[in-house]
Structure formats: C-alpha cells, structure tokens
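This report describes the pockets and a surface patch of one protein model. The sequence and structure are shown first.

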Amino acid sequence: MPLLEVKNLSVSFGGIRAIDNVSFSIDAGQTLGLVGESGCGKSVSSLAILGLISDPGHIDSGEIFFNGENLLTKNNTDMRTIRGSDIAMIFQEPMTSLNPVYTIGDQIMETVLCHEPVSVETAWNRGVD
C-alpha cells in the first residue's frame, strides 16, 4: 500500500478548474517531485492533500489516501492532527514562512506545542534537535 495516493483529484476556484484528474502515488521512503510552470497546479495539489483549499476553491472530485485512509473524509480536527505530526508543507516563499520578530527557536517550539501534548521544555529541546 502506498504511503500517499492521489486518485483523479480535481480542484476548481470559482468555476475555473485549477487541476484536473491528477493522480500519483508515493511509497514510504520514496521521493516525488512535482515540476511545472508557474500556475500549473503544484501548490494547489499540495494544499488539497493537506486540506487547506479555501473559498472560493473546492475539491470537485477524487480521493486522497494517506496510510490507507481517505483524507477527504476527515474533519478539521483530524486533519490538524495529521498536518502537525504526519504531513507538512514547506511553502515556496521563505520570507513569509518565518516571522522576523520572533526567534526561529520560538517558532519551531510553537509548532511542536500546537501539535503535541508536551511541555515547553520538551518542545524547546525538540526544536533544538
């Protein structure tokens, strides 16, 4: 069974199809690169996998399986747990990824605290690691 399997995924924004019937699978330990011109749907595909498509966008059809479970049937609470511990995305624009007002350590620690029931000290140590 693949770690991640996307089947016939289609996403639209305001009636305009952004991606149409995208399918791929990734086995554990495998790497897959999505390449293409700006605007071809790489980010939309990733956002759909993470359950982060926002209005006016919506998933028209398809299935997204992670560890054998269809992510499209998960509620927001379940997806937040999965996003924090099993799947992550590194966004394209590094200047908007980290806030220059806070230390990198504080920002990493905050992420750990949001997704795992650990102490501040444990979260800090994980960030340092």
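## Basis of the description

Helices are DSSP runs of H or I with at least four residues, and they are numbered from the N terminus. The model is a predicted one.

## The largest pocket

Helix α4 makes the greatest contribution to the lining of the largest pocket, supplying six residues. At least two lining residues come from each of α2 (76–85), α3 (94–97) and α4. The space in this largest pocket amounts to about 620 Å³.

In total, 19 residues line the largest pocket, and those nearest its centre are Ala 88, Met 89, Phe 91, Thr 111 and His 115. By class, the lining of the largest pocket comprises 10 nonpolar, six polar and three charged residues.

## The second largest pocket

The second largest pocket holds about 500 Å³ of space. Its lining is formed by 23 residues, with Leu 4, Ile 26, Leu 32, Ser 46 and Ile 49 closest to the centre. Two or more lining residues are given by β2 (16–26) and by α1 (42–49).

Of these elements, α1 provides the largest share of the lining, four residues. The lining of the second largest pocket consists of 14 nonpolar, seven polar and two charged residues.

## A nonpolar surface patch

Leu 98, Ile 104 and Ile 108 make a nonpolar surface patch of about 250 Å². Ile 108 is located in helix α4, which spans residues 104–115. Ile 108 counts as partly exposed because its relative accessibility is 35%, and the partly exposed class lies between under 20% (buried) and over 50% (exposed).

Technical notes: Residues numbered from 1 in each chain as written. Predicted model: local features only at pLDDT ≥ 70, side-chain atom pairs only at ≥ 80, totals over all residues. Heavy atoms only, no water. Patch = residues over 30% accessible without salt bridge, like charges linked within 9 Å, V, L, I, M, F, W, Y side chains within 5 Å. Areas by Shrake-Rupley, 256 points an atom, 1.4 Å probe, with all protein chains shown as cover. Salt bridge = Lys/Arg side-chain N within 4 Å of Asp/Glu carboxyl O. Buried < 20%, exposed > 50% of the residue type's maximum accessible area, 1.4 Å probe, protein only. 1 Å grid on protein atoms, 1.4 Å probe; cavity = no way out; pocket = protein on both sides within 12 Å on 5 of 7 lines; lining within 4 Å. Points joined across faces, edges and corners; volume = space filled by probe spheres on them. Nonpolar A, V, L, I, M, F, W, Y, C, P; charged D, E, K, R; others polar.
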